[in-house]
Amino acid sequence: MEAVVFVFSLLDCCALIFLSVYFIITLSDLECDYINARSCCSKLNKWVIPELVGHTLVTVLMLISLHWFIFLLNLPVAAWNIYRNTQSRAAEVTHERSYDQTWFPPALFLHVSLQLEVLTDVLYVREVRSNGAT
């Protein structure tokens, strides 16, 4: 069961990092005047809720599976995403929402920590199997 949780979390973190890179590329296009502000907001606003759901889902999944350390690492970032998205709904209607990428370094750190957790679980299972077979 733990392997399924960590593989799902790893895939979710990959998707969140991909979304972050997509946001950065779209905002750099806006900065270089390749697209206008209305087009940029319409492209990015449709990915805000899936980003929020993905990060909250991983946080709740870590809480349910009793992985406290990873849950505590995810909790501030998830709380910030929820706060940011509930406070800026009025600005979204006027297409003047600002997109900050303050969660990109924590998301990258969480992605690496999940990879390490999966690796240690795999090595532990391999060690248990080798000790049990002798």
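**Cores and aromatic pairs**

1. The largest nonpolar core consists of 7 residues: Val 5, Phe 6, Cys 13, Met 62, Ile 70, Phe 71 and Leu 114. A nonpolar core is a set of buried Ala, Val, Leu, Ile, Met, Phe, Trp, Tyr and Cys residues joined through side-chain atoms within 4.5 Å. Helix H1 (2-31) and H4 each supply at least two residues of this core, and the largest share, 3 residues, comes from H1. Helices (H or I, at least four residues) are DSSP runs, numbered from the N terminus.

2. This is a predicted model: local features need pLDDT of at least 70, and side-chain atom pairs count only at pLDDT 80 or more, whereas totals for chains, interfaces and linings use all residues. Residues are numbered from 1 along each chain as its sequence is written, and side-chain values use heavy atoms, with hydrogens and water left out.

3. A search of the whole structure finds 2 aromatic pairs. Trp 68 and Phe 71 form an edge-to-face pair, 6.4 Å centre to centre with 80 degrees between the planes. Rings of Phe, Tyr and Trp (its six-membered ring) pair if their centres lie within 6.5 Å; planes under 30 degrees apart count as stacked, over 60 as edge-to-face and the rest as tilted.

4. Phe 71 counts as buried at 12% relative accessibility, while Trp 68, at 47%, counts as partly exposed. Buried means under 20% relative accessible area, exposed over 50%, and partly exposed in between (1.4 Å probe, protein chains only).
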